[in-house]
Amino acid sequence: MAANEQMSKVPSLLGRRPQKIIENHLFRRQRSIKLSAKAASVDYGDEDAGNDKTYVVLIFGEKAKLTHCEDVRKIIHQYDIKTTLEVISKEEKYLYLTASTDTLLRLADEAELTKMTVTGSMQKFNYHSISDFLLPGMTEDDIVRFCEAPVLIKDVVKPQLLPYIRNGIVEELFPLHDIEYLEKFGFDWRRRTLPIEHIRNYFGASIGLYFAFIEFYTKALIWPALFGVCQYLWSVNLSAVIGFYVIWSTIFLELWKRRCAGLAYRWGTIEMSSLDKPRTRYKGEEKLDPITGKLTRHYPMRYTYIQMYCISYPVVLLCVVAAAYFALYQFQIEAEVLADFGPNSWLLYVPVIIQSILIAIFSWAYEKLATFLTELENHRTRLQYERHRVNKLMIFEIVNNFFSLFYIAFIIQDLKQLNYQLMMQLLIFQIVCIAQEVGIPLLAVIKQKFAKLMHKELDEEKLSLVSDVSRYEQCFFEAGLDQYQSTYEDYLQMCIQFGYVVLFAAVAPFAALGALINNVFAMHIDLFKLCNIFKRPFARRTKNIGAWQSAFELLSVMAILSNCGLLYLLPNVRAFVVQHFPSMPNLSFVLFEHLLLGLKFVIHKAIHERPRWVRIALMKADYESSQAYKNIRKFTSNKKVD
């Protein structure tokens with residue numbers, strides 16, 4: 001009734017939500033902090049909501065009527081989730097979702113979140129044994145982490161609201177940013193490491209692992225950067241260069257797996273499996289799961305395989321052939337320019353620059369195509385989906401970015417041109433990345449200065465209908481922010497960059513230094529964009545970086561082959577081998593290559609992918625689970641006897 005009265009008071013001229021990034025950015029920096037204190041003491045005007053924190057905002061579309069809004073509220077209330085409906089006008093209808101600590105703990109039990117127990121082991125949370133998870137200094141409010149509450153609410157609510165979402169009645173569903181928590185991510189010159197734990201607590205494990213990886217990778221680049229300077233100054237023997245990069249890349253990847261395992265254990269995601277919940281877009285029929293006995297969606301795998309091998313990979317092959325053709329066509333253009341204008345003409349730079357720009361364009365277009373094809377394959381879990389998408393992408397990206405370099409190295413066999421082509425492509429690649437990373441935030445800041453002059457206070461009549469001004473304004477402006485998709489493109493940039501660093505390290509000593517400088521700024525810019533340019537994403541759970549680990553390892557193996565091939569092309573090295581091994585000059589390089597592959601394998605086996613403390617902790621958790629199961633069985637048996 002109150003909602004109808006509010007709706008009749010406000011004219012439709014109030015307009016729709018703005019869709020400009022800068023207005024959102026301006027709001028969060030100027031208004032939210034000074035109004036945050038007021039939010040703590042405001043009565044939301046809903047008997048259901050109380051004074052609990054708003055975790056998720058649901059925005060209704062224009063076609064949503066009050067009856068639709070009430071129907072949605074009833075659905076949500078079934079899960080003991082509290083709501084506050086705020087109707088400002090026909091175009092503006094908000095539903096604020098919150099939950100008590102008790103509700104969140106029950107949802108955490110149903111979601112089988114893994115938490116640290118008082119014994120020091122990680123166990124699936126049990127609502128009926130809350131005291132087992134109350135570590136020293138903790139309260140029940142601290143058990144569910146900052147990033148987990150919105151996801152728990154979304155996971156139980158969204159499946160029931162899908163018909164309303166498809167019909168346009170529910171327009172958006174997203175968690176609000178926490179202005180005070182965002183202050184933890186402000187840039188600080190004195191900070192030597194990223195606040196990984198804070199990032200995980202706010203954005204979730206998936207984004208937390210990305211920032212942990214880029215920080216680990218950037219620190220690891222210090223060694224090849226220093227070695228590259230020494231390589232240039234003192235002309236280090238190329239055999240030593242190749243050996244160094246084999247050892248460095250292998251140790252880096254193995255140590256990262258250990259670091260990743262430690263983080264995944266502390267974050268409770270290390271034992272994720274294929275039994276995890278299916279993706280939201282996964283399609284299938286509702287059937288009983290033979291393992292869990294629950295009603296879940298099932299889709300015949302044969303249809304997925306038919307899509308993969310009859311449609312997706314033939315399309316990928318055509319794209320790979322097209323990318324190889326364009327790469328070779330560049331050399332034909334260079335030959336024509338050389339014949340017409342001579343070797344000293346500046347026009348010789350044009351084909352290389354155009355080729356580098358085309359590589360960036362093709363990468364962007366193919367990423368969209370790979371996503372579309374993988375979506376058609378209908379993989380059940382997000383991990384499966386990401387693995388198959390990355391597999392398609394890496395096949396194309398290796399050809400798109402590195403085919404011309406392999407052609408110059410092993411067909412034309414011109415190492416000077418190879419160095420020039422590689423550094424030019426790497427430079428263009430870094431410029432494109434910087435343009436993407438810096439351009440959007442810079443544009444937002446510039447627009448902020450303009451919006452600061454044009455900004456007007458909200459109409460007093462409109463504000464009088466709002467029970468909580470701070471919450472309403474934050475929702476009003478954050479609704480116009482762009483949606484953050486995933487860490488997919490960020491990992492892709494790092495993977496391609498890693499290829500430029502290691503594949504032709506023998507002739508590109510400064511590639512690692514350029515990557516190091518770029519990454520120092522990139523990781524801070526990525527964090528800035530997440531906090532200021534995008535809506536706050538729902539947290540995603542993950543135990544590792546998935547298929548990207550395999551992609552980095554593939555490039556590491558390819559680096560051994562390519563650098564050994566470059567070593568073989570050097571006239572002095574070939575003459576030395578022919579002189580000392582006249583009967584088997586080619587075989588000697590094959591043996592050297594296999595020796596390096598063997599060295600990589602030995603390092604891989606020598607460094608366990610999980611630290612010892614993680615292995616012990618997992619075994620301890622298994623032991624405690626088995627003991628608890630025995631005690632339950634014993635208690636049940638004694639009860640039956642009595």
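Modeller: Start with Glu70 and Arg73, which form a salt bridge with their closest N and O atoms 3.8 Å apart. Keep in mind that this is a predicted model. The cut-off for a salt bridge is 4 Å, so a gap of 3.8 Å counts.

Where do Glu70 and Arg73 sit along their helix? Both belong to helix H3, residues 66-77. They are three residues apart, so about one helical turn separates them. Now look at their surroundings. Glu70 has 33% relative accessibility, so it counts as partly exposed. Arg73 has 12%, so it counts as buried. Buried here means under 20%, which is why Arg73 qualifies. In general, side chains of opposite charge can pair when their charged atoms come close.

That pair is local. Glu148 and Arg200 show another arrangement. Their side chains meet in a salt bridge of 3.6 Å, N to O.

Next comes Lys257 with Glu553. Their closest N and O atoms are 3.5 Å apart, and they form a salt bridge. Lys257 is in helix H10, residues 238-266, and Glu553 is in helix H19, so this pair ties together parts 296 residues apart in sequence. Lys257 counts as buried, at 14% relative accessibility. Glu553, at 25%, counts as partly exposed.

Salt bridges can also join up. Glu367, Lys368, Glu386 and Arg389 are linked in a network of them. Over the whole structure, a search finds 16 salt bridges.

In soluble globular proteins, nonpolar side chains tend to be buried together. The largest nonpolar core here has 101 residues, and Phe211 and Trp548 have the most contacts inside it. Helix H19, residues 547-569, gives the most to this core: twelve residues. A second, separate core has 40 residues, including Phe60, Ala149, Tyr164 and Phe538.

What does Phe211 touch, apart from its neighbours within four places in sequence? Its contacts are Leu194, Ile196, Ile199, Met523, Asp526, Leu527 and Leu530.

Now compare two helices, H8 and H17. Two packed helices are described by the angle between their axes and the distance between the axes. For H8, residues 205-220, and H17, residues 488-502, the axes come within 11 Å and cross at roughly 20 degrees. H8 and H17 are therefore roughly parallel to each other. H8 passes H17 in a left-handed crossing. Leu209, Tyr210, Phe213, Ile214 and Tyr217 in H8 meet Asp490, Tyr491, Met494, Gln497, Phe498 and Val501 in H17.

Finish at Leu415. It lies in helix H14, residues 415-454. Leu415 and Leu570 are 155 residues apart along the chain, with 8.7 Å between their C-alpha atoms. Leu415 touches Leu570, and also Val507, Leu566 and Leu569, leaving out residues up to four places away in sequence.

Notes
Residues numbered from 1 in each chain as written. Predicted model: local features only at pLDDT ≥ 70, side-chain atom pairs only at ≥ 80, totals over all residues. Heavy atoms only, no water. Core = buried A, V, L, I, M, F, W, Y, C linked by side-chain atoms within 4.5 Å. Buried < 20%, exposed > 50% of the residue type's maximum accessible area, 1.4 Å probe, protein only. Helix = DSSP H or I, 4+ residues; strand = E, 2+ residues; numbered from the N terminus. Contact = heavy atoms within 4.5 Å. Axes fitted to C-alpha atoms, helices over the stretch in contact; angles between N-to-C directions. Parallel < 35°, antiparallel > 145°, perpendicular 65-115°, else oblique. Left-handed = near helix turned anticlockwise from the far one by under 90°.
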